[in-house]
Amino acid sequence: MRSGGVHHVDLVVSSIERSLPFYRELLGPLGWHGISEVEGERGETIWYLLGHDTQIGLREAQSDTRHDRYSVGFHHLAFEAPSRAVVDERAAWLRTAGAEIESEPQTYTYEPGYYAVFFFDPDGMKLEIVHVPALAA
């Protein structure tokens, strides 16, 4: 029996037409292949992007309330990359896609070898792509 992992995270976005292609193109090179559709509790469609052991669900917003990442709730979501080169490549893709980058790829002191880029999705949710050598081993 598996335990301890995160099975899925659902994100609410303002436009599926804008966000679904963004996330598919962002995450494809990180091994997120496949997509499934599920009906949500309010009848809405949830599109799940399929990762290694985790899924990211995207559903369209049903209210106009904007989230503040410093209020209770979601702050940011980090995706693991297999190498520093992939972090750099995804940062280059983000620039080409016109995404807002909060901080360019660099080494952080969070733990040895922590190398990441921080950026925002089309709705302003903070995301990260990170490589940590100990995780990749």
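Author: One part is an open sheet of four strands in the order E1-E4-E3-E2, with mixed pairing. Two strands pair if DSSP finds at least two bridges between them. Strands (E, at least two residues) and helices (H or I, at least four residues) are DSSP runs, numbered from the N terminus. The model is a predicted one, where local features need pLDDT of at least 70, side-chain atom pairs count only at pLDDT 80 or more, and totals for chains, interfaces and linings use all residues. Residues are numbered from 1 along each chain as its sequence is written, and side-chain values use heavy atoms, with hydrogens and water left out.

Reader: Which are the edge strands of that sheet?

Author: Strand E1 (8-13) and strand E2 (35-39), each of which pairs on one side only. On average, neighbouring strands of this sheet are turned by 25 degrees against each other, direction ignored. Axes here are lines fitted to C-alpha atoms, for helices over the stretch in contact, and angles run from 0 to 180 degrees between N-to-C directions.

Reader: How many bridges join E2 to E3?

Author: Five, and E2 and strand E3 (residues 45-50) run antiparallel. Glu39 stands opposite Thr45 in E3. E2 and E3 form a hairpin with five residues between them. Gly43, in the turn, has a positive phi of about 85 degrees.

Reader: What packs on this sheet?

Author: Helix H1 does, touching E1, E2, E3 and E4. The direction of H1 makes about 165 degrees with that of E4. Touching, or contact, means heavy atoms within 4.5 Å.

Reader: Pick Leu20. What does it touch?

Author: Not counting residues up to four places away in sequence, Leu20 touches Ile35, Trp47, Leu49 and Leu58. Leu20 and Leu58 are 38 residues apart in sequence, yet 7.3 Å apart in space, C-alpha to C-alpha. Leu20 has a relative accessible area of 13%, so it is buried.

Reader: New topic. What about the sheet with E5 in it?

Author: That is an open sheet of four strands too, in the order E5-E8-E7-E6 and with mixed pairing. Strand E5 (76-80) and E6 stand at the edges with a single partner strand each, so one side of each has no neighbour in the sheet. The twist averages 15 degrees from one strand to the next. E7 and E8 run antiparallel, joined by six bridges. The bridge partner of Phe118 in E8 is Glu128. H1 packs on this sheet, touching E5, E7 and E8, and its direction makes about 10 degrees with that of E8.

Reader: Where does H2 lie?

Author: Across E6, E7 and E8, running at about 160 degrees to E6. The buried residues of H2 are Val86, Val87, Arg90, Ala91, Trp93 and Leu94. They are on the same side of H2, because their arc around the axis is only 160 degrees. Ala85 and Thr96, on the other side of H2, are exposed.

Reader: What covers the buried residues of H2?

Author: The cover includes helix H1 (16-27), strand E6 (101-107), strand E7 (115-120) and strand E8 (126-131).

Reader: And what follows H2?

Author: Gly98, whose phi is positive, near 80 degrees.

Key: Buried means under 20% relative accessible area, exposed over 50%, partly exposed in between (1.4 Å probe, protein chains only). The arc is that of the directions from the helix axis to the C-beta atoms.
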